Amino acid sequence: MNKKQILALSMVLTMVVSLWAFGSKEVKSEEASIPTQAITVTDMIGREVTITPQAYQRVVCVGAGALRMYSYIGDVQLLCGVEAIDNTSLSERPKIFDTVARPYVIAHEEHFNTLASCGTGGPMAQTPEAEKILSCNPDIVISEYEDVDIANALQEQLGIPVITLKSGMNGVFDNSFKESMNLLGKIFGEEEKAATLNAFIEKEAAEISSRTANIPQENKPKVYICGLGNWGTTNHLMTAQNYISFEIAHVENAVSGLSAPGIQPIEAEKFVDLGDEIQIMIIDGAAVKNIIPLYREDPSMFDTCQAWNEGQVYLQMAYNAYYTNYEIALANTWYIAKIVYPHLFEDIHMSEKTNEICEVFLGEELADEIFAYPTSFGGYQKIDTKNFFN
């Protein structure tokens with residue numbers, strides 16, 4: 001075979017390979033354009049809803065915590081509306097939580113402020129506003145109204161899927177939170193992102209637990225946590241006997257014998273009775289605004305509390321504001337473990353840990369912004385009991 005024949009054969013082979021490659025690309029392109037098949041999923045309140053994964057381009061989130069949870073997994077650029085409570089550019093909106101850090105708002109405030117209103121939101125919004133939702137023209141609704149009748153009625157009114165999420169009593173550590181993340185991942189084609197977040201939370205909890213697992217009972221101080229729950233009414237008497245962060249960090253709770261699980265108020269008399277046993281006191285930042293006037297009216301209110309008298313009172317970041325700030329709840333658990341067992345957590349610096357957590361949840365380091373909010377009082381700290389509430 002001479003050189004001309006070899007050259008001609010080479011050109012033919014090149015053309016054949018090129019045509020094959022082009023055809024392969026065409027097939028792949030055609031395959032990629034085939035829409036995902038509709039499937040039926042069960043949302044977090046047991047409703048079966050037909051959805052088409054990755055098909056949604058216009059999303060609204062309604063109800064306490066829905067937008068926050070979506071922000072962890074979904075693309076916020078797909079949002080076509082937000083509740084007024086999450087649009088800080090509006091003058092007429094619920095402002096009850098504006099002094100507390102909500103990391104999802106911090107991370108996406110500029111974008112949220114460009115979006116139309118899909119409802120008012122906030123503590124007084126007990127049902128979704130269908131007309132406002134319709135005005136945003138969404139193709140799916142992510143909801144935190146955990147009521148089957150409300151969800152079914154809204155879906156019928158809108159004619160689009162309504163998916164309800166929930167987190168459960170144990171918040172960021174609850175299996176319901178994990179399932180909610182997985183459900184969002186399935187709907188929006190972000191299964192890997194959901195799996196990564198869930199694995200991170202599980203790893204963090206496991207590390208805290210493993211570090212504290214072998215503390216002898218006699219070396220465990222009794223700790224009182226307060227200022228939990230409802231943002232508007234909480235104070236030093238609002239506590240819990242089964243606080244999940246305590247359970248993960250193997251912390252001895254000073255409170256026991258309550259009639260029910262969960263966050264609840266105790267009587268002032270019970271707080272006084274517990275005083276001698278409370279070796280460490282942790283106050284959630286949400287409670288400070290309510291404790292200040294009580295303390296100024298009666299400066300003796302903490303006199304029976306051992307932790308108060310010995311300067312063992314600490315501030316954790318407010319983590320309930322339009323439902324739970326899950327990344328802050330996780331950071332608080334590290335802080336609780338650090339102040340109760342300081343020798344085991346000398347390597348943990350709360351600014352760095354908070355940044356690490358926010359990076360995984362929201363893609364940004366937000367510690368400085370969180371600590372700058374009024375109810376954060378500059379960040380995690382031991383409270384100066386002589387001056388803090390004066």
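In the hairpin of strands S1 and S2, five residues lie between the strands, and Gly46 takes a positive phi near 85°. S1 spans residues 39–42 and S2 spans residues 48–51. The two strands pair in the antiparallel sense, over four bridges. The model is predicted.

S6, residues 140–143, runs parallel to S7 and is joined to S7 by three bridges. Ser143 has Thr164 of S7 as its bridge partner.

Arg102 occupies the loop between strand S4 (79–82) and helix H3 (103–112). Its relative accessibility is 4%, so Arg102 counts as buried. The Arg102 side chain reaches the backbone oxygen of Ile85 at 3.4 Å. Beyond its neighbours within four places in sequence, Arg102 is in contact with Arg68, Ile85, Asp86, Arg93, Phe97, Ala321, Tyr322 and Asn325.

One of these partners, Tyr322, lies in the loop between strand S13 (313–316) and helix H12 (326–340). Tyr322 is not a glycine, yet its phi is positive, near 55°. Tyr322 is buried, because its relative accessible area is 6% and the limit for burial is 20%.

Gly285 sits in another loop, between strand S12 (280–284) and helix H10 (288–297). With a relative accessible area of 1%, Gly285 is buried. Gly227 lies 58 residues away in sequence, but the two C-alpha atoms are 7.2 Å apart in space. Leaving aside neighbours within four places in sequence, the contacts of Gly285 are Leu315, Gln316, Met317, Ala318, Thr375 and Phe377.

Phe377, one of the contacts of Gly285, belongs to the loop between helix H14 (367–371) and strand S14 (381–382). Its phi is also a positive value in a residue other than glycine, near 55°. Phe377 is partly exposed, at a relative accessible area of 34%. Tyr322, by contrast, is buried at 6%.

Which covalent links join the cysteines? A disulfide is a covalent bond between the sulfur atoms of two cysteines. A search of the whole structure finds zero disulfides. For Cys118, the closest cysteine sulfur is that of Cys136, at 5.4 Å, and is therefore too far for a bond. The cut-off for a disulfide is 2.5 Å between the sulfur atoms. For Cys226, the closest cysteine sulfur belongs to Cys305, at 8.6 Å, so a bond is again ruled out by distance. Both residues lie in the interior by accessibility: Cys118 counts as buried at 1%, and Cys226 counts as buried at 0%.

Notes: Residues are numbered from 1 along each chain as its sequence is written. This is a predicted model: local features need pLDDT of at least 70, side-chain atom pairs count only at pLDDT 80 or more; totals for chains, interfaces and linings use all residues. Side-chain values use heavy atoms; hydrogens and water are left out. Buried means under 20% relative accessible area, exposed over 50%, partly exposed in between (1.4 Å probe, protein chains only). Contact means heavy atoms within 4.5 Å. Two strands pair if DSSP finds at least two bridges between them. A polar contact is a pair of N or O atoms within 3.5 Å; within protein, one must be able to donate a hydrogen and the other to accept it, and residues adjacent in sequence count only if both atoms are side-chain atoms.
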